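Please work through the exercises below with the model open beside the text. Each task is followed by a solution in steps.

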Amino acid sequence: MSFRAWLERQRSLLDYTLASLGRRRGKNLSLVLVYGLTVFAVASTLFLTEALRAEAAEVLRGGPDVVVQRLVAGRHDLIPAAEVERLAAIRGVERAVGRRWGYLYRPASQANLTVMVPERFWGGDAELVVGEGVARLEGLVAGATLRLTGWSGEALDFTVREVIPAGSALVTTDLVLLSEAGYQRLFGADPDRFTDIALTVPNARELPTVAQKALQLVPGARAITRLEMARTYQAIFDWRSGLVMLVLSTAVLAFALVAWDKAAGLSAEERREIGILKAIGWDVSDVLLVKTWEGAVVSAAAFTAGVVAAYLHVFVGGAALLAPALEGWSTLSPRQHLTPAVGGLQLATLFFLTVVPYTVATVVPAWRSATIDPDAVMRS
Amino acid sequence: MSLIEARALRRVFHQGRPDELEAVKGVDLAIEEGQVTVLRGPSGSGKTSLLALLGAMARPTSGRILLADRELTSLPERFLTEVRRRTFGFVFQQFNLVGGLSALENVMLPAYPLGAPRAGLERRAGALLARFGVAHRASARADWLSGGEAQRVAIARALVNDPRVLVADEPTANLDSALSAGFMEVVGTLKAAGLTVIIASHDPLVHDAPVVDRVVSMRDGRLEAGAP
C-alpha cells in the first residue's frame, strides 16, 4: 500500500470513527464527562501541589541560608540583639541580620496577616506596603488607610503606600511590610530583641557546620537551614498531596470500573456492526484501528477537557475545591492566586495512566469480536 | 469453467458439545463463472452455511474450497480477508446496512480499508446508487430507507469493490413480489456484465426466474440427488 493510500485509509477510518462516536453520542458524552471529572480531580491535585512546591522553592530562593531562633520552654522566643554580632563572627557566615516579624489576626476577615520589617523599608513610619492578598481582602489600594489594633488595644491608622503585585504569591500575598517604628507601635516590641536572626552562608556545604556552631554559641537556640526548610515543605506537600491522591484513587478506581464496563462491554449492536464490517471485507486490523481511534478520541477529549478545567480551577479559580486540604494552616491567610507551574512529567504520567488504559480497554473486546468468523452476522 | 469448487465440505457448529450441529455434510459443488446459481431448500437445510463457506466468510470444519483453482481453505485470515474484499460482494437477508451512516457512506464502507482516494470513491459509490435508482437517497440515513431502497443500497455496497462474485442470502425474504422481481432484474444486468451470482433462497420467484442458470437443492445439509 502506497503512502497516499495509507493516508486515505487512515482518513476514511477516522471519518468512520467520528461518525460511529456520533451515533452513540449519549454513551460517549457520559463517558467523557465522568472520565473528564476524574482527570480534573487528579490534575487539580497535581497542579496545586506543583504550584505550591514552586512557590515554596521561590520562598526559599529569596530566604536566608540559616535562621537562628531562640527557644524558651520549647517555644519560640525573642532573641537578644547582641547575638547578631556573635553569630556574624562564625567562620563561613557572610552576614547576620536580625529580623522582626509576627502575625496579626484580623477577626473581621478571619485572616492571619504576616507583619514584617524589611531590611530597608522605603516608606514612612505611618505607612504600610501590603501584599496583593491583603489588598484584595481588605479592599485596599495605594493611598488608602488601614486601621489596625495595637498591642495595647488602641487603634492605629496606617496609609497604604504600595500594593505588592503577586509575583510569588506564597511569599507576598499575606504580607504587611512596615518600618521598625511602626512595628514597635503595633506590637510594643522590645527594640533590643529580634524575632530571629538570618545568616547568609555563601558556601552551601558549610550550612550544617554553621548551624552547629550557632547552636553552641546561643544556648537553647534552634538553627534551621535552607535544606531543612526545603525538606519540610517537600514533606508537607508530598504528604498532603499523597493523602488527597489516596482519596482520589478511590474515584479513579470507580471510574476505571465504570469505563471498563462501558468500554469493554460491547453491545449486541456493536458486535453486529463489527460482523458486518468483517463480512464486507474489513480485516481484523481495520476494526482494531477504528476501535483504537474511538478509544483515543474519547480519552484524549476527556483528558484535554479535564486538564484544561483543572488548570482554570487551580490557576484562575484559586483551587477553591482543593486548597483547604492542601494548603493547611495557610487557609487562614488571604486567598492567593498561584503562579502557573505545571510538571511535564506529571502530565505525561497522567496521560499514560488515563488515555492508554482506556484505549486498551476499548480495543481488547473489539479484538475478541473481530476474530470471530464474519458469517456469524449472516446468522444473526 | 468452474470459478469455485467445493470438495467434501463439512461445517459443524459447537463441535464436541451437546448442542453440536452439522450444518453442511460433505458437499461437492462447482460454481460456473458468469452464471447465476441458486441454492434452494427449506429453512435449516444449510443454504446459508454453505453460502458462507463458498463466499470465504467462514472456514469449513473439513473439506476444501478452490477459487479459480486456488486453495482457500488453508489461507491465513489476512489473505482470506483480501480474497473476500477483492472477489466477493455480499447482500444479506437483513441487508445489514450500518445505521446512522448515510446510504452513500454505507456504499463506500467496503472500500475504506483499501485506501481509495476519497473523491473517486464518492463518485463510484454515487454512480452505483444512480445505477440502482436510489441516487436521490444518497444522503439519507440507512435507518430511514424503505426495504426496497435498503436492498438496492446493499447491492450497490456489494459491488463497490468490483467483485467477481455476488453472494446473496435470502435477498427477497423481506421484499414484496414487485421488489423481488426488481431484484432479479438487477441480477440479470449483473450477469450480463459478467458477474457470477450465487443466491441462497427458498423463494420461487427467485429460483424460477429466467435469469437463473442453475438451481441446486439442499436438504439436511446435503445436496439433493441430481446436483453435481
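Predicted model: local features only at pLDDT ≥ 70, side-chain atom pairs only at ≥ 80, totals over all residues.

**Exercise 1. Confidence**

Task: Determine what average pLDDT chain B has, and in which helices of chain B confidence is lowest and highest.

Solution. 
Step 1. The average pLDDT of chain B is 89, and 98% of its residues score at least 70.
Step 2. Within chain B, the lowest confidence falls in α2(B), with a mean of 86. The highest is found in helix α3 (residues 103-108) of chain B, at 95.
Step 3. For the complex, the predictor reports an ipTM of 0.86 and a pTM of 0.66.

**Exercise 2. A helix pair in chain A**

Task: Describe how helix α1 (residues 3-23) of chain A packs with helix α10 (residues 284-316) of chain A.

Solution. 
Step 1. Two values are required, because a packed pair of helices is described by the angle between the axes and by the distance between them.
Step 2. The axes of α1(A) and α10(A) come within 9 Å and cross at roughly 55 degrees.
Step 3. The two helices α1(A) and α10(A) are therefore oblique to each other. The crossing of α1(A) with α10(A) is right-handed.
Step 4. On α1(A), the contact is formed by L13(A), L14(A), Y16(A), T17(A), S20(A) and L21(A). On α10(A), D286(A), L289(A), V290(A), W293(A), E294(A) and V297(A) take part.
Step 5. Sorted by class, this contact of α1(A) with α10(A) holds eight nonpolar, two polar and two charged residues.

**Exercise 3. A helix pair in chain B**

Task: Carry out the analysis for helix α4 (residues 118-131) and helix α5 (residues 147-159) of chain B.

Solution. 
Step 1. The axes of α4(B) and α5(B) lie 9 Å apart, and the packing angle is about 135 degrees.
Step 2. This angle makes α4(B) oblique to α5(B). The crossing of α4(B) with α5(B) is right-handed.
Step 3. A125(B), L128(B) and L129(B) of α4(B) meet V153(B), A156(B) and L159(B) of α5(B).
Step 4. By class, the contact of α4(B) with α5(B) has six nonpolar residues, with no polar and no charged ones.

Terms used
Residues numbered from 1 in each chain as written. Chains lettered and ligands numbered in written order. Axes fitted to C-alpha atoms, helices over the stretch in contact; angles between N-to-C directions. Helix = DSSP H or I, 4+ residues; strand = E, 2+ residues; numbered from the N terminus. Parallel < 35°, antiparallel > 145°, perpendicular 65-115°, else oblique. Left-handed = near helix turned anticlockwise from the far one by under 90°. Contact = placed C-beta atoms within 7 Å. Nonpolar A, V, L, I, M, F, W, Y, C, P; charged D, E, K, R; others polar. pLDDT = per-residue confidence, 0-100.
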